[in-house]
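Please look through the structure below with an eye to the spaces inside the protein and on its surface, and to the side chains packed around them. The paragraphs that follow take these features one after another.

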Amino acid sequence: MNSIHMKAGFITPEKKIEIGSEHLLAFCGLACQKYLKEHPEEIEIWKEFSKDYSYFHPFFDFLVFHLKWIPVGILGDNHLFGILEEDKLYIQELPPVLEEEDLYNTLFYAKIKNSNSKKYLVKADNRTLSIHSPKKKIYGEGIVLNDGIVFIQNNIPQSALSATIMNQLTIKYPFLIEDFNICKDTYKDDYHWYLIDRLGAILFTEKYVLYNHALVSEKQKIALKNIPVDEEEPDKTEEEYQNPYPIDTTKALIQKIYNT
C-alpha cells in the first residue's frame with residue numbers, strides 16, 4: 001500500500017483531492033468552473049482548449065494537460081497515476097511507499113518507467129482522436145464505438161487510442177469500472193479487447209476488421225460499409241480469449257450506455 005491513502009482523485013501543487021469515481025465527472029466540471037471564476041484572464045484559454053470537444057467532456061483534460069494536476073486512480077485503479085510529458089500522460093504505478101511531504105513534485109518529476117512503453121493517454125478532443133463520420137470513407141486504423149462514432153489513429157498508437165477512450169468512458173459511465181475490474185484478468189491492459197468484447201466496438205486496420213456480429217449496431221453497419229479492408233475476422237476475439245462473459249450481460253451493458 002502507498003502511504004498517500006487515495007482511491008481516486010488528483011494531487012495538485014497545493015493539496016491532494018480524493019473523489020469517488022462516481023463523482024469524478026461532476027467534480028472535474030465544478031473544478032474547472034471554480035478555476036475560471038478565480039482566474040477570468042484564462043477564459044479565452046479555456047475556450048480555445050475546449051472548442052474541439054464535442055464527444056467527450058474537456059474537464060478532466062483541462063485539469064491534467066493545462067493545469068498539470070496529477071490524476072490518481074486512472075481507470076478506477078488506485079495504484080495507477082499519470083506522469084505528464086508534453087502531450088502524453090504516461091500511466092504509471094504508484095511507488096509502494098510514498099510520503100506526504102512534497103507529494104506533487106515527487107510524482108510530477110518521477111522518472112517514467114519503461115519510457116519506450118506505449119502505455120499512455122492523450123487528450124480526448126476531436127482532433128487528437130481524429131473523430132470521423134461513419135457516413136464517409138474511412139481510411140487507416142482505428143475504432144468504431146457501438147453508437148457509430150469513428151476514431152482514427154493519427155500519430156498515436158492503437159494502445160493509446162484505446163486507453164484514452166476507455167478512460168473517458170469510465171469517467172462518463174463510472175459503472176464501467178466495476179465491470180472492467182471483473183473482466184481484468186481476461187483483458188489485462190488490452191483495452192481494445194474490452195471495447196470489442198464488452199462494449200461492442202469495432203477495431204479496423206487497412207487489412208482487417210475485428211468485431212462481434214452479435215453486438216454490431218445499425219450505426220456501425222454504416223461505418224463497416226465505408227471501411228475498405230481485405231478481409232473480415234468477426235470471431236477473432238472469441239478464438240483468442242475464449243471469452244467467458246455471456247452475450248446477454250454484454251448487450252445489457254451496451255444498452256445501459258447507448259440506450260439502444
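In this predicted model, the lining of the second largest cavity is made up of 6 nonpolar, 2 polar and 1 charged residues. The residues in question are Leu25, Cys28, Phe56, His57, Phe59, Phe60, Gln168, Ile171 and Lys172, and the space that they line comes to about 60 Å³. Helices H1, H3 (59-66) and H5 each contribute at least two residues to this lining, with the largest share, 3 residues, coming from H5.

This cavity belongs to a group of 4 cavities of 30 Å³ or more. The largest cavity holds about 120 Å³ of space, and of the 16 residues that line it, the closest to its centre are Leu24, Gly73, Ile74, Leu75 and Asn167. Sorted by class, the lining of the largest cavity has 10 nonpolar and 6 polar residues, but no charged residues. At least two lining residues are supplied by each of strand E1 (9-11), strand E3 (70-72) and helix H5, and H5 again gives the most, with 3 residues.

If we leave out residues up to four places away in sequence, Tyr194 touches Met166, Leu176, Asp179, Phe180, Cys183, Tyr187, Leu199 and Leu253.

The largest pocket has a volume of about 290 Å³, and of its 14 lining residues, Lys15, Lys34, Tyr35, Glu38 and Trp69 are the closest to its centre. Helix H1, which runs through residues 24-38, gives the most to this lining, with 6 residues. Taken by class, the lining of the largest pocket consists of 9 nonpolar, 1 polar and 4 charged residues.

Which residues line the second largest pocket? They are Glu48, Phe49, Lys51, Asp52, Tyr53, Lys123, Asp125, Arg127 and Thr128, and the space within this pocket is about 160 Å³. Its lining divides into 2 nonpolar, 1 polar and 6 charged residues, whereas the lining of the largest cavity, as noted above, has no charged residues.

Key: Residues numbered from 1 in each chain as written. Predicted model: local features only at pLDDT ≥ 70, side-chain atom pairs only at ≥ 80, totals over all residues. Heavy atoms only, no water. 1 Å grid on protein atoms, 1.4 Å probe; cavity = no way out; pocket = protein on both sides within 12 Å on 5 of 7 lines; lining within 4 Å. Points joined across faces, edges and corners; volume = space filled by probe spheres on them. Helix = DSSP H or I, 4+ residues; strand = E, 2+ residues; numbered from the N terminus. Nonpolar A, V, L, I, M, F, W, Y, C, P; charged D, E, K, R; others polar. Contact = heavy atoms within 4.5 Å.
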